[in-house]
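The entry is shown first.

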Amino acid sequence: MKSALVRRFLQTVIVLFGVSVVTFLVMHAAPGHPLQANPELRLDPTAIERWLQLRQLDQPLIFQYLAWLSRVFRGDFGESLLYNRPVLELMGERLPSTLLLTLSAFALAMFLAVAVGIKIATQQNSWLDRLVCTISLAGISVPNFWLGMVLVLLFAYRFPILPAVGMRTPGDGSILDILQHMLLPLLVMVAGNFARYVRYVRSAVLDVMQQDYVKAARARGLGENEILYRHVLPNAAMPIITVAALSLPMLFTGAMVAEYVFAWPGLGRFIITSTMARDYPVIMTVNLYTASLVAIANFIADVLYLLIDPRLR
Amino acid sequence: MRRILATVIIVLFMMCTGCQNNKSTTGPSLHVAALTGPLTMNPLFLRDTASAEVAALLHPQLLVTDPETLLPKARLFSSWQLLEDNLTYIFSLHDDAYWSDGKPITAEDVAFTLRVICHPDYTGGLFLPLRYITGAEGYKQEHSSPFADGAISGISIIDEKTLKINLKETYAPFLTMLNFAPLPAHILSQVEVAKMESHEYSHKLPVSAGPYLLAEWNDEYVHVRANPNYFLGKPSIENIYYRYIPNLEAQLIELLAGKLDLIPTAVKVEDIKNLKNNPEIKIYHNPRLVYDYLALNGRKVNSPLADKKVRKAFSLLLNRQEIVKNLLLNYGTPLYGPLLPLHFAYNKALQTDKVDLAAARRLLVEAGYNKLELNLIYNVGNAVRENVALLLKEQAAKIGIEIKITLLEWEAFLAALNEGDYDLAILGRGVEVDPDLTFHWHSQSRGNSLAYANSEVDQLLDQGVATMDRSKRTEIYQAAESIIVEDAPAVWLYAREAIHAATAKLQNFTPHPESIFYNVHEWTLAAEGEEF
Amino acid sequence: MRSNISLFTGLILIAFLVTLAILAPVIATHDPATTSAEKWLQPPSSEHFFGTDRLGRDIFSRVLYGARVSLSVGMLSTFVSLGIGTLLGLLASYYGGLVDVIIMRFADVVLVFPSMLLAITLVSIFEPALWLVILVIAGTGWPSIARLVRSEVLRLRQSDFVASARLLGAKNRRVVWRHLLPNAIGPVLVAATLCVPAAVMTEASLSYLGLGVQPPTPTWGNMLRDAQLYLRFAWWYAFFPGFFVFITVFAFHLTGEGLRQALGLSQTARRGWRAGS
């Protein structure tokens with residue numbers, strides 16, 4: 001058990017190192033820098049030269065990489081080339097609004113998925129089961145940006161009851177105001193995530209129900225409810241929690257496309273705009289940050305697996 | 001688990017709302033839309049439109065130009081005087097101009113700002129016109145301290161509110177170039193110039209002097225509040241929110257829902273009819289200092305476009321009046337040369353539309369071509385240029401020129417332009433307030449992206465900036481323009497106007513071609529229910 | 001029973017879409033590139049079934065031609081990731097040891113990037129183009145296939161029939177080709193079927209962000225990108241391309257689900273799961 005964990009941990013570290021090398025090389029493979037990427041910028045060639053010098057962007061690649069890496073180990077992730085402010089500060093400012101949206105979406109989707117998923121698993125192949133399965137398949141298939149556009153058209157224009165974009169009405173920003181702004185992006189995210197989770201919960205529960213001990217319990221004459229709560233759910237919980245752990249990264253990086261469509265002032269949109277603008281320090285940090293989150297989530301999921309399935313030890 | 005989640009979500013709500021509590025809005029508010037957010041609040045490092053627009057709210061320009069005539073006008077410099085030698089300017093600062101911390105704005109602040117711009121470590125874009133100041137280039141090359149200290153010989157402080165600037169040679173456009181705002185020397189003189197862009201001043205802006213003061217800057221909007229001590233009087237609109245909404249359609253939806261009051265950037269022509277019928281919304285057109293043109297590149301080896309006759313043939317293909325009428329719905333002016341109608345040197349006589357396919361065909365045959373194949377590039381995302389490209393293709397086919405169209409993403413487009421790897425390109429160009437054509441058409445200029453070279457034009461342009469008399473300059477530039485047009489390095493298409501949509505409640509809104517907030521301190525909002 | 005219905009419906013839909021794409025030049029009522037200033041943004045009519053766009057182009061015809069791009073991106077990128085994934089998965093499981101470690105760690109590195117982030121990063125750096133979009137999507141898709149192939153092969157290796165084949169003196173290569181691959185094909189086939197809708201969706205999202213296949217090539221994603229500026233007075237502009245993305249993705253999901261159930265594979269196995277973007 002212990003050695004398996006240590007091995008997984010070392011693997012995670014190696015993967016993260018690989019991630020840093022890959023991002024760095026990829027980012028610097030193509031020529032160009034943020035001052036070029038933005039068509040609006042007013043440029044003065046000598047000033048640009050000096051600008052690159054001051055940021056050491058004229059140095060050889062390996063030097064830049066080592067300098068960057070050594071700063072990262074000291075906890076310094078550099079300054080955004082666009083905003084000229086520390087990357088961590090910029091990311092930190094955007095994290096709360098992302099968390100608000102993603103956590104709410106996650107909680108709501110998971111809650112609904114567990115409730116509905118258990119219900120339809122116990123009534124396998126009923127009309128309800130088929131309906132939910134088909135709807136959830138459709139839910140996975142809808143492009144979330146398209147759904148967002150349709151919702152905006154309906155609820156912000158045809159029936160203007162909700163704001164089209166943003167998180168707050170400037171100057172207001174009360175809880176009610178934020179709730180109103182949150183509704184449409186939340187709907188888009190819940191639609192997609194619920195569809196994914198509910199199918200997963202359903203099959204996790206069904207898997208357990210086909211196990212021998214459940215059959216044995218049934219043979220012993222236990223009531224269906226008792227079987228469900230005593231035997232099925234505790235055993236189906238682990239895979240579901242694992243999936244929750246694997247959703248962790250998404251909670252912290254935000255739903256990029258959904259945030260972009262609704263101009264939600266979170267990390268996801270920041271990631272998209274910085275990437276498009278070639279803001280290297282931000283892209284490096286964001287990639288490292290995201291990859292670390294995923295690696296950590298995988299690590300947690302593995303630990304959970306080791307806990308529930310002793311055969312893997 | 002669920003309880004923990006719920007708690008976390010509530011706490012996050014508090015975080016998102018909490019920062020608002022002590023900033024509750026009082027007084028009238030105006031919500032202005034923008035496509036992107038600003039990157040900096042530092043007036044010397046403005047590289048993008050949004051930062052420049054917000055800077056116009058927060059900082060007073062030294063001088064401005066009149067929105068109609070584009071001639072220099074007093075602002076923070078309340079008056080100026082040019083001595084007989086045409087080289088020495090005496091500037092007086094506005095008597096009532098104070099920083100928001102109560103300190104007066106002094107000649108030393110301006111001198112300090114000029115030194116920052118001329119410092120070797122300065123990486124913004126304001127230096128080029130200042131190189132005419134005596135000693136500025138020496139300072140740029142030789143100043144060795146990391147701070148903007150020492151002195152530039154051409155800049156001297158006469159008293160607290162008076163500054164003298166000496167130019168090394170006569171430079172007529174100089175005053176129109178003083179369109180930037182000063183930095184507070186008492187806050188920033190101890191900061192290294194190399195670190196000034198990332199200094200906390202650039203994003204917290206503790207001290208400024210414009211019509212508005214920064215209240216909050218986040219990832220959704222910039223909130224500014226009227227400056228009670230603004231030297232031209234406190235603005236009547238207490239709050240302005242500059243909201244970034246990257247989608248134009250969402251901006252319009254919010255405008256129609258009454259959640260936005262002003263959309264400054266290019267309302268789509270398709271929208272205008274609807275908006276014009278809406279009594280709650282008023283449409284403004286604002287001529288801009290930008291034009292679209294077709295570049296004819298004769299620099300490629302064996303390019304048929306090296307022949308002037310072929311280039312001239314292209315200028316006979318497009319009916320610019322029709323383009324303006326059909327594609328711009330008349331929100332623009334057809335263009336036949338590089339000077340815009342706004343410029344004092346603009347030549348109305350050039351305004352003749354000449355579409356003559358037979359003549360174009362004759363020119364082509366005279367040049368020795370029966371058939372031609374050329375490629376045309378332009379960048380993604382501009383419907384009007386897209387249509388012009390298709391129109392040009394159609395017209396050119398009629399005289400035996402086959403055009404292959406390639407759409408490029410911005411960077412690829414830029415690269416192709418820089419390397420001269422194209423035959424034809426449709427693109428836009430921004431020009432200066434002054435009619436001086438040097439930047440784009442002087443053979444020695446870095447901005448001459450078409451590599452146009454004509455020694456006669458060079459001479460005229462040099463003469464143009466060394467002449468102060470306006471009517472003489474008009475003659476010089478019109479002469480230069482007609483030579484350039486005759487050489488046909490490009491086909492000028494149209495100058496497109498910006499279309500702003502604002503709530504009808506907004507009064508005294510006089511946009512400047514370069515800044516919507518030109519007279520923001522004079523704007524007012526009619527009260528609800530009032531006749532307007 | 002139900003699985004057969006999904007499989008059947010899914011396959012019919014796919015066949016229908018593929019036919020539309022192949023026969024686009026025949027079915028299309030207009031040239032997808034012909035513009036017309038007089039016909040801006042016309043609602044659906046008997047002449048323009050799906051209306052016209054901001055340049056007066058026929059949306060019906062553009063959707064058909066868009067199907068070609070979207071389906072080829074979806075299928076080609078799936079083939080590429082299937083090819084790379086199967087090859088590397090086989091290599092890793094076959095040779096084991098250092099080869100296995102290197103390949104699988106590399107797969108891990110790719111897997112820890114959310115695919116959308118990786119795609120955005122890659123595409124924004126290089127010039128967006130059709131082949132690049134295909135490669136990028138394939139580049140983010142192969143590791144899951146490689147993992148799957150590797151674990152299937154390892155599982156089958158232990159199984160009785162491979163052992164008996166070996167006992168009968170079959171060569172290693174023959175074991176792989178004749179015994180391992182055919183048995184591993186079921187799960188891989190399901191994974192591949194589910195790769196296509198993911199690819200179609202990624203392409204649409206990238207094009208929507210302006211990072212995918214570039215205009216004037218019509219794709220559903222860049223049609224949606226154009227359409228978002230005309231939402232209020234041209235619902236048809238955004239509706240039809242979006243609907244086709246939906247139907248395509250739905251059809252492949254149905255097929256994949258149907259296959260999965262027909263082959264009796266479980267969904268809870270951790271491998272298919274990836275955090276959404």
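This is a predicted model: local features need pLDDT of at least 70, side-chain atom pairs count only at pLDDT 80 or more; totals for chains, interfaces and linings use all residues.

H6(A) spans residues 127-141 and H8(A) spans residues 175-209; their axes lie 8 Å apart at an angle of about 135°. The two helices are therefore oblique to each other. Their crossing is left-handed.

**Contacts with chain A**

On the chain B side, 48 residues are in contact with 49 residues of chain A. Elements giving two or more residues to that side of chain B include helix H1 (2-18), strand E1 (29-34), strand E9 (221-226), strand E10 (239-244) and helix H14 (410-419). H1(B) supplies the largest share, 9 residues. The side of chain B that touches chain A is made up of 20 nonpolar, 16 polar and 12 charged residues.

For chain C, 43 residues are in contact with 52 residues of chain A. Helices H4 (97-112), H5 (115-125), H8 (172-208) and H10 (235-262) of chain C are the elements that give two or more residues to this side. H10(C) gives the most, with 10 residues. By class, the side of chain C that touches chain A has 26 nonpolar, 11 polar and 6 charged residues.

**B:Tyr122**

B:Tyr122 sits in the loop between helix H3 (107-118) and helix H4 (127-130) of chain B. Is this residue, B:Tyr122, buried or exposed? With 25 other C-beta atoms within 10 Å, B:Tyr122 is buried; the cut-off for a buried residue is 20 or more. Leaving aside neighbours within four places in sequence, B:Tyr122 is in contact with B:Val116, B:Ile117, B:Phe127 and B:Val193, and with A:Ala47 of chain A. From B:Tyr122 to B:Ile165 the separation is 43 residues in sequence and 20 Å in space, C-alpha to C-alpha.

**Strands of chain B**

Strand E6 (residues 155-159) and strand E7 (residues 162-166) of chain B run antiparallel and are joined by 4 bridges. They form a hairpin with 2 residues between them. B:Asp159 has B:Thr162 in E7(B) as its bridge partner.

| Strand of chain B | Residues | Bridges to E18(B) |
|---|---|---|
| E11(B) | residues 262-263 | 2 bridges |
| E12(B) | residues 281-287 | 7 bridges |
| E13(B) | residues 290-296 | 4 bridges |
| E14(B) | residues 332-334 | 3 bridges |

B:Ile263 has B:Ala501 in E18(B) as its bridge partner, and B:Lys282 stands opposite B:Ala502 in E18(B). B:Tyr494 in E18(B) has B:Asp292 opposite it, and B:Pro334 also stands opposite B:Tyr494.

Notes
Residues are numbered from 1 along each chain as its sequence is written. Chains are lettered from A and ligands numbered from 1 in the order in which they are written. Axes are lines fitted to C-alpha atoms, for helices over the stretch in contact, and angles run from 0 to 180 degrees between N-to-C directions. Angles under 35 degrees count as roughly parallel, over 145 as roughly antiparallel, 65 to 115 as roughly perpendicular and the rest as oblique. A crossing is left-handed if the near helix is turned anticlockwise from the far one by less than a right angle, and right-handed if clockwise. Two residues are in contact if their C-beta atoms, placed from the backbone, lie within 7 Å. Ala, Val, Leu, Ile, Met, Phe, Trp, Tyr, Cys and Pro count as nonpolar, Asp, Glu, Lys and Arg as charged, and the others, Gly among them, as polar. A residue is buried if 20 or more other C-beta atoms lie within 10 Å of its own, exposed if 12 or fewer, and partly exposed in between; C-beta atoms are placed from the backbone. Two strands pair if DSSP finds at least two bridges between them.
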